[in-house]
Amino acid sequence: MPDAESQRPSAEHDQRVIDDWNALARHYDGRHGDTGNDWHRNLVLPTTLNLLGDIQGKRGIDLCCGSGVLARQFIDLGAHVTGVDQSRAFLSLAEQYDGSADIEWLCCSLADIAQHVAPNSFDFVTCTMALMDIPASEDLFAAISHCLRPHGRAVVVTMHPVFKNPSNLQFKVGGELASGEEREGIIISHYLTPMAQEVVGMPGQPQKQLNFHRPISDELNRAFDAGLVVDGFAEVTKSALEETPTQHTNFFIPPTLEDEIPVLLGFRLRLAQTLRQV
Ligand SMILES: C[S@@+](CC[C@H](N)C(=O)[O-])C[C@H]1O[C@@H](n2cnc3c(N)ncnc32)[C@H](O)[C@@H]1O
């Protein structure tokens, strides 16, 4: 098992995450540009939209929006969007892509969202590729609960905590089953214990970043505690990628398993109170 710090949220973790993303924003943007990389275009956005449904004419808020790739695509689909992130470096890049009145960019942490956003004022809420970057995910679920309108939908899409968890040893393994059959696989050596660890999230990035692993039950229980229910779920493989997948140092899925092992997890949330009233 890799070295791990306690996963308890702390002020040092919060500041480290702000510093990490301010330092990494330009590198991230260099890999994603205006419309996102292969993963965003072919995995993250389709999964988000499948779970969200039609957003035309709706009002949405993209939490942890980074450089605003998804927010801009929501605008193109006819939604009205607010993009929120605590990284000033990321938001200034987002503004360079779209400084128009079509998108409102808001610089604040998830924990402070209630001070900036009117309660229950959005038809949809999204948060993509950020859950593993958030020190205290209860802040995310509280923010979703605060922002969502009755009958609104929220979608979270993240790296799969089982199969794309940087604490696991993901390399090609040729194994023999008791039956004598040969199989390829990946090693899952760590899952249930939450941990904060330093990782390289993107090939070539200039410094490591802090990543927060939590099992799926921890994440969903935090969502339930925030008054949310799950009513949609997706596990997404790399099959839809156009480019040959880059075999990342700590992330390798044998090509024979690429249609079988999911890399992304997506889930849709609604306000529990609203469902009880139906
Ligand atoms: C990997 S980037 C994802 C950006 C974008 N959602 C995407 O799909 O490209 C993670 C983002 O989460 C933001 N973030 C992490 N913790 C946050 C918090 N507590 N409050 C606000 N933003 C946070 C970081 O600043 C960073 O921009």
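Guide: Let us begin with a kink: helix H1 bends by about 50°, centred on Leu-24. The bend at a residue is the angle between axes fitted to the seven residues ending there and the seven starting there. Helices (H or I, at least four residues) and strands (E, at least two) are DSSP runs, numbered from the N terminus. This is a predicted model, in which local features need pLDDT of at least 70, side-chain atom pairs count only at pLDDT 80 or more, and totals for chains, interfaces and linings use all residues. Residues are numbered from 1 along each chain as its sequence is written.

Visitor: Which residues of H1 are buried?

Guide: A residue is buried if 20 or more other C-beta atoms, placed from the backbone, lie within 10 Å of its own, exposed if 12 or fewer, and partly exposed in between. In H1 the buried residues are Val-17, Asp-20, Trp-21, Leu-24, Ala-25, Tyr-28, Asp-29 and His-32.

Visitor: What phi does Cys-64 have, and is this residue buried or exposed?

Guide: Most residues other than glycine have a negative phi. Cys-64, although not a glycine, has a positive phi of about 60°. It lies in the loop between strand E1 (59-63) and H3. Cys-64 counts as buried because it has 24 C-beta neighbours inside 10 Å.

Visitor: Where is His-151 found, and is it buried or exposed?

Guide: His-151 is found in strand E5 (residues 148-159), and has a positive phi of about 70°. With 12 other C-beta atoms within 10 Å, His-151 is exposed.
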